[in-house]
Amino acid sequence: LGAWALSLRGDLDAAENRVAELTQERDEIRRAATATVYELAPTADGPTEASATLYLTATGSGVIEAANLPPLDDGRVYQLWFHPSADDAPLPGATFTLDDDGLGFALIAADTGTFETISISREPEGGSEAPTGPTMLTGDTAGARG
């Protein structure tokens, strides 16, 4: 039993080392790339078919495209939120509406700053300074820089 436990511990250590190596490799590739892509997934308030993709260039500017979000009521928009950390309040980003195909797009300014996550909520037309509507999509950006 002791030999088996030592063998399992060795397997766990090897797996943890491989994860650390892959994380470092991913971070190096992202630093060297001209653009990085992040996926946003639906929250409990978002429809399961909703999705968004964030594209950031090496200079920090970018674009986000969203699909399969619910149609907006009059006087409502979708708004981006940049979360610098789990402890900080989200910073407001651009607002957008949906086109006839149900797609929405927004630009990300290069001076947005560093953020750990990004999210999309429904807000009053003109946007909000803090989220007031349900968060529909969210995604981890691992400290991306907009």
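Visitor: What are the ground rules for the numbering and the values?
Guide: Residues are numbered from 1 along each chain as its sequence is written, and side-chain values use heavy atoms, with hydrogens and water left out. As the model is predicted, local features need pLDDT of at least 70 and side-chain atom pairs count only at pLDDT 80 or more, while totals for chains, interfaces and linings use all residues.

Visitor: How many salt bridges does the structure hold?
Guide: The structure holds two salt bridges. The term denotes a side-chain nitrogen of Lys or Arg within 4 Å of a carboxyl oxygen of Asp or Glu.

Visitor: Which residue forms a salt bridge with Arg9?
Guide: Asp13 does, with the closest N and O atoms 3.0 Å apart. Arg9 and Asp13 both belong to helix H1 and are four residues apart, about one turn of the helix. Helices (H or I, at least four residues) and strands (E, at least two) are DSSP runs, numbered from the N terminus.

Visitor: And which residue does Glu21 meet?
Guide: Glu21 meets Arg18 in a salt bridge of 3.4 Å, N to O. These two residues are separated by about one helical turn because they are three residues apart in helix H1.

Visitor: What about Arg9 and Asp13?
Guide: Arg9 counts as partly exposed at 45% relative accessibility, and Asp13 counts as partly exposed at 29%.

Visitor: Which residues make the nonpolar surface patch?
Guide: Leu1, Trp4 and Leu8 make a nonpolar surface patch of about 400 Å². Patches consist of residues with over 30% relative accessible area and no salt bridge; like charges are joined within 9 Å, and nonpolar side chains (Val, Leu, Ile, Met, Phe, Trp, Tyr) within 5 Å. Accessible areas come from the Shrake-Rupley method with a 1.4 Å probe, and for residues only the protein chains shown count as cover.

Visitor: Where is Trp4 found, and why does Trp4 count as exposed?
Guide: Trp4 is found in helix H1, residues 2–32. Trp4 counts as exposed because its relative accessibility is 56%.

Visitor: In which sense do S3 and S6 pair?
Guide: Strand S3 (residues 62–67) pairs with S6 in the antiparallel sense, over six bridges. Two strands pair if DSSP finds at least two bridges between them. Within this pair, Gly62 stands opposite Ile108 in S6.

Visitor: What is the phi of Asn68?
Guide: Phi of Asn68 is near 65°, a positive value in a residue other than glycine. Asn68 lies in the loop between S3 and S4.

Visitor: Is Gln79 buried or exposed?
Guide: Gln79, in strand S4 (residues 76–83), is buried, with a relative accessible area of 2%.

Visitor: What does the side chain of Gln79 reach?
Guide: The side chain of Gln79 reaches the backbone oxygen of Gly93 at 3.3 Å. A polar atom of that side chain also lies 2.8 Å from the backbone nitrogen of Ser128.

Visitor: Where is Ser128 found?
Guide: Ser128 is found in the loop between S7 and strand S8 (135–145), and counts as buried at 11% relative accessibility. A polar contact of 2.8 Å joins the side chains of Ser128 and Glu123. A polar contact is a pair of N or O atoms within 3.5 Å; within protein, one must be able to donate a hydrogen and the other to accept it, and residues adjacent in sequence count only if both atoms are side-chain atoms.

Visitor: Lastly, which residues is His83 in contact with?
Guide: Leaving aside neighbours within four places in sequence, His83 is in contact with Pro90, Phe115, Glu116, Thr117, Ile118 and Ser119. Contact means heavy atoms within 4.5 Å. The C-alpha atoms of His83 and Ile118 are separated by 5.9 Å, with the two residues 35 residues apart along the chain.

Terms used:
Buried means under 20% relative accessible area, exposed over 50%, partly exposed in between (1.4 Å probe, protein chains only).
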